[in-house]
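Hi,

Here is the structure I promised to pass on to you. Have a look at it first, and then read my notes below.

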Amino acid sequence: MSNIEKISSKDALGLKIGCVTLTKPFFKKAGIADNNSKNLPFSLSTYKGLPVQYMNQVHGTSVQVINDYAYEPIKNTDALFTSSNKVSLAIMSADCLPIAIANSEGTEIALIHAGWRGLASGIIDKTLKMFELDNKELKAWLAPCISQKEYEVGKDVYEAFTKLDEESVKSFMKINSRKWLFDLKDQAKRILEKSEVSVSQSNYCTYNDEELFYSYRRDKTDKRALTLLWRKDV
């Protein structure tokens, strides 16, 4: 059985930035059994000595600027942005794609909860506008999420992307006239690179890597993995 407690960005965002996805073995070792979407914000309140800023994720496009830590999760938000080194940003996920972004100076960071609705509605572009530096100075890391071969979607999802951008067809593999396999990471990567952001990614699949991750598609679970992003004091 795998005992990997965390999946790291491995400095893909720069030496001044920390970014990890905490897995099932982490929570088991930490004695946190109730790591579901309601209890997790209060089960794990600090990491690396920093308070963990959660949000009430709703598959929307709201981006919230965090200047100071708030004990309660930020309401109705799917992206957090900060220039503070006094807080760790958090995403809870069980198939959706966490996207971490940082500038080259390590002074501004953002963490996005990206399901298909958020991607189709432009949450990446909205978040990128929060940064002061040019997009060429930004780096992104795509954390573990469901892989294309396990993510079957219908015509509504296919048309939500392709009607806005014909190039989105590259992120879909057709099964029949009503079903496609959708690649969340490919779509996000294409959007980011189109905006001249440098992209790195994890190759884990939350559906297939059952020993490491929770998957809503696989188990209909309310438990979540946790991706954290913070500025280091270096």
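Let's start with Glu-167 and Arg-190, whose side chains meet in a salt bridge at 3.6 Å, N to O. (A salt bridge here is a side-chain nitrogen of Lys or Arg within 4 Å of a carboxyl oxygen of Asp or Glu.) Glu-167 sits in the loop between H5 and E12 while Arg-190 is in helix H6, so the pair ties together parts that are 23 residues apart in sequence. Helices (H or I, at least four residues) and strands (E, at least two) are DSSP runs, numbered from the N terminus.

Before going further, a word on where this comes from: it is a predicted model, in which local features need pLDDT of at least 70 and side-chain atom pairs count only at pLDDT 80 or more, while totals for chains, interfaces and linings use all residues. Residues are numbered from 1 along each chain as its sequence is written, and side-chain values use heavy atoms, with hydrogens and water left out.

Back to the salt bridges. Side chains of opposite charge can pair when their charged atoms come close. How many salt bridges does the structure hold? There are 9. One of them joins Arg-190 to Asp-165, with the closest N and O atoms 2.9 Å apart. Arg-190 belongs to helix H6 and Asp-165 to the loop between helix H5 (155-162) and E12, so this pair ties together parts that are 25 residues apart in sequence. Asp-165 also forms a salt bridge with Lys-194, where the closest N and O atoms are 3.7 Å apart. That pair links distant parts of the chain too: Lys-194 is in helix H6, Asp-165 is in the loop between H5 and E12, and they are 29 residues apart. Put together, Asp-165, Glu-167, Arg-190 and Lys-194 are linked in a network of salt bridges.

Arg-190 is buried, with a relative accessible area of 13%. Lys-194 is exposed at 59% relative accessibility, and Glu-167 is partly exposed at 38%. The cut-offs are under 20% relative accessible area for buried, over 50% for exposed, and partly exposed in between (1.4 Å probe, protein chains only).

Helix H6 (residues 184-194) is worth a look of its own. Its buried residues are Leu-184, Lys-185, Gln-187, Ala-188, Arg-190, Ile-191 and Leu-192. Asp-183 caps the N-terminal end of H6, with a side-chain oxygen 3.2 Å from the backbone nitrogen of Lys-185. Just after H6, Glu-196 takes a positive phi of about 70°.

Which other residues have a positive phi? Lys-10 has one of about 50° although it is not a glycine. You'll find Lys-10 in the loop between strand E1 (6-8) and E2, and at 71% relative accessibility it is exposed. Lys-220, also not a glycine, has a positive phi of about 55°. Lys-220 is in the loop between H7 and strand E15 (225-231), and it is exposed at 56%.

Lys-220 turns up again on the surface, where it gathers with Arg-178, Lys-179 and Arg-217 in a patch of positive charge. Patches are made of residues with over 30% relative accessible area and no salt bridge; like charges are joined within 9 Å, and nonpolar side chains (Val, Leu, Ile, Met, Phe, Trp, Tyr) within 5 Å. Lys and Arg count as positive and Asp and Glu as negative, with His and the chain ends not counted. The place of a charge is NZ of Lys, CZ of Arg, CG of Asp or CD of Glu. Arg-178 is in the loop between strand E12 (172-174) and strand E13 (179-182), and it is exposed, with a relative accessible area of 62%.

There's a nonpolar patch on the surface as well: Phe-42, Tyr-69 and Tyr-71, with about 330 Å² of accessible area together. (Accessible areas come from the Shrake-Rupley method with a 1.4 Å probe; for residues, only the protein chains shown count as cover.) Tyr-71 is in the loop between strand E5 (63-65) and strand E6 (79-82), exposed at 55% relative accessible area.

Cheers

Definitions and conventions. Polar contact = N/O pair within 3.5 Å; in protein donor to acceptor, adjacent residues only side chain to side chain.
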